[in-house]
Amino acid sequence: MKTVGIIAEFNPFHNGHKHLIDTIKSQGHRVVCVIGDDFTQRGDVALTSKFSRAEAAIKCGADLCLLLPTPWSMSCAYNFALGGVSVLKQLGCVDAIAIGSECGDIEKLVRVSDIVHSDKLTPLIGAELKKGTTFAKARQIALEKIIGADSCILSNPN
């Protein structure tokens, strides 16, 4: 039996989250969730408390829910994920991490991730920042210039 981690806000917990947990459990694995605190990545107050979101996850099959500390919860997606991975790593028993996405296309997600983590975007982002564009928007524009319509993946939460 493996232990699989999920890093999520669960804001709110919905059927997609339940489906992810159900899928992992159907393969005979344990599920450990690291959930965001009462403040979200976008700086908003979460729709429900961390306790009610953890309770929903447990009722839907999660074996354990851990809290992602507030500084990580309120950070950008990259740092949110980094904080979550750090919490899971400290457990010392997590074999894999599962993700859900609105996109549903792993090849597209990997392609966008590879470009975001390459040096290709840096000059394009820099040019947009000089115009006074916010970083998130500058990154979106730069990605659109490289891959076109697939760049919309960054507009979605996952």
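Predicted model: local features only at pLDDT ≥ 70, side-chain atom pairs only at ≥ 80, totals over all residues.
**Overall layout**

The protein chain contains seven helices and four strands, and, read from the N terminus, its elements follow the order β-α-β-α-β-α-α-β-α-α-α. Along its principal axes, the C-alpha trace spans about 50 × 30 × 30 Å. Of the 158 residues in the chain, 35% are buried. Among contacts with a separation of 6 or more, 64% are between residues 24 or more positions apart.

**Packing against helix α7**

Two packed helices are described by the angle between their axes and the distance between the axes. The table gives these values for two pairs that involve helix α7, which covers residues 135-147.

| Helix pair | Angle between axes | Distance between axes | Handedness of crossing |
|---|---|---|---|
| α6 and α7 | about 130° | 8 Å | right-handed |
| α5 and α7 | about 115° | 11 Å | right-handed |

For α6 and α7, the angle of about 130° means that the two helices are oblique to each other, and their crossing is right-handed. On the α6 side, the contact is formed by Leu-121, Leu-124, Ile-125, Glu-128 and Leu-129, while α7 contributes Phe-135, Ala-138, Arg-139, Ile-141, Ala-142, Leu-143, Lys-145 and Ile-146. By residue class, the contact of α6 with α7 consists of 10 nonpolar and three charged residues, with no polar ones.

Helix α5, made up of residues 106-116, also packs on α7, and the crossing of this pair is right-handed. Here Arg-111, Val-112, Ile-115 and Val-116 of α5 meet Arg-139, Leu-143, Ile-146 and Ile-147 of α7. The residues in the contact of α5 with α7 comprise six nonpolar and two charged ones, again with no polar residue. Arg-139, Leu-143 and Ile-146 of α7 are listed both in the contact with α6 and in the contact with α5.

**Ile-125 in helix α6**

Ile-125 lies in helix α6, which runs over residues 121-130, and it is one of the residues through which α6 touches α7. Its relative accessibility is 10%, and Ile-125 therefore counts as buried, the cut-off being under 20%. The C-alpha atom of Ile-125 is separated by 8.7 Å from that of Leu-143, a residue 18 positions away along the chain.

**Asp-37 in a loop**

Asp-37 belongs to the loop between β2 (30-35) and α2 (50-59). Although Asp-37 is a charged residue, its relative accessibility of 9% is the reason why it counts as buried. Leaving out residues up to four places away in sequence, Asp-37 touches Ala-46, Lys-50, Arg-53, Leu-67, Leu-68, Thr-70 and Ser-73.

**Cysteines**

With a disulfide taken as a pair of cysteine sulfur atoms within 2.5 Å, the model has zero disulfides. Cys-65 is in no disulfide, and the nearest cysteine sulfur to its own, that of Cys-33, is 4.5 Å away.

Definitions and conventions
Residues numbered from 1 in each chain as written. Heavy atoms only, no water. Buried < 20%, exposed > 50% of the residue type's maximum accessible area, 1.4 Å probe, protein only. Axes fitted to C-alpha atoms, helices over the stretch in contact; angles between N-to-C directions. Parallel < 35°, antiparallel > 145°, perpendicular 65-115°, else oblique. Left-handed = near helix turned anticlockwise from the far one by under 90°. Contact = heavy atoms within 4.5 Å.
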